[in-house]
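Hello,

Here is the structure I promised to pass on to you. Have a look through it first, and then read my notes below.

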Amino acid sequence: MEELRIRTAEVSDVPAVLGFWKAAAEGTSVSDDVAGVTCLVEHDPEALILAERGGELVGTVIAGWDGWRASLYRLAVHPDHRRQGVSRALLATAHARFLAVGGRRADAMVLVANETGQQAWAAAGYEREEHWRRWVRPLT
């Protein structure tokens, strides 16, 4: 098995990332388009972290830092590469990023219906906080 390579995304990776999310991620976001992901990469070049094996994209995580919160989104691993340490490597990179900038706690967004994702987050040491609810309002 080829070695796993972890790196940050570039704008040229955006189409591949969007295609990958269709195959490997649960749910969709209003920002799942070229403009949205390009904006992320241009605004915070270290936020979108990719895992590659043999030149193939096998995993992603968004590690967003706003100066106050360390937020994780879009942890996704291709089904053919699960249970091989990909999410562990992605999260280790995200955690190192957060620690380097002063982050104290990482929060993960996980769909309620995503049982596989919830199991992965629990295995990574994350705990669900039942007393929080997400409130959203579309801006467009």
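**What I found**

Ala96 is found in helix α3. With a relative accessible area of 45%, Ala96 is partly exposed, because that value falls between the 20% limit for buried and the 50% limit for exposed. The C-alpha atoms of Ala96 and Gly67 are 15 Å apart, and the two residues are separated by 29 residues along the chain. Please keep in mind that this is a predicted model.

Next, turn to helix α1 (residues 14-24) and helix α2 (residues 34-43). In general, two packed helices are described by the angle between their axes and the distance between the axes. For α1 and α2 the angle is about 120°, and the axes are 10 Å apart. The crossing in which α1 passes α2 is right-handed.

Which residues in α1 and α2 meet? From α1 they are Val14, Leu18 and Trp21, and from α2 they are Val34, Val37 and Thr38. Sorted by class, this contact of α1 with α2 has five nonpolar residues, one polar residue and no charged ones.

**Strand β4**

Strand β4 covers residues 70-77, and Tyr73 has its place there. Tyr73 counts as partly exposed, at 35% relative accessibility. Apart from its neighbours within four places in sequence, Tyr73 is in contact with Val61, Ile62 and Met109. Leu57 is 16 residues from Tyr73 along the chain, and their C-alpha atoms are separated by 17 Å.

Arg74 also has its place in strand β4. Is Arg74 buried or exposed? Its relative accessibility is 14%, so Arg74 counts as buried, the limit being under 20%. The backbone of Arg74 deserves a look too: its phi is positive, about 55°, although Arg74 is not a glycine. As a rule, most residues other than glycine have a negative phi.

The loop between β4 and α3 (86-100) is where His81 is found. His81 counts as buried, at 12% relative accessibility. Leaving out its neighbours within four places in sequence, you will see His81 in contact with Arg53, Glu56, Val58 and Val86.

Arg83 lies in the loop between β4 and α3 as well. Arg83 is exposed, with a relative accessible area of 86%, whereas His81 counts as buried. Arg83 is another residue other than glycine with a positive phi, in this case near 65°.

**An aromatic pair**

How many aromatic pairs does the count come to? The count comes to one aromatic pair. It is formed by Trp121 and Tyr126. A pair of aromatic rings is described by the distance of the centres and the angle of the planes. For Trp121 and Tyr126, the centres are 4.8 Å apart and the planes are at 80° to each other, which makes the pair edge-to-face. As for Trp121, its relative accessible area is 7%, so Trp121 is buried.

Those are my notes, and I hope you enjoy looking around.

Best wishes

How values were computed: Residues numbered from 1 in each chain as written. Predicted model: local features only at pLDDT ≥ 70, side-chain atom pairs only at ≥ 80, totals over all residues. Heavy atoms only, no water. Helix = DSSP H or I, 4+ residues; strand = E, 2+ residues; numbered from the N terminus. Buried < 20%, exposed > 50% of the residue type's maximum accessible area, 1.4 Å probe, protein only. Contact = heavy atoms within 4.5 Å. Axes fitted to C-alpha atoms, helices over the stretch in contact; angles between N-to-C directions. Left-handed = near helix turned anticlockwise from the far one by under 90°. Nonpolar A, V, L, I, M, F, W, Y, C, P; charged D, E, K, R; others polar. Phe/Tyr/Trp six-rings, centres within 6.5 Å; stacked < 30°, edge-to-face > 60°.
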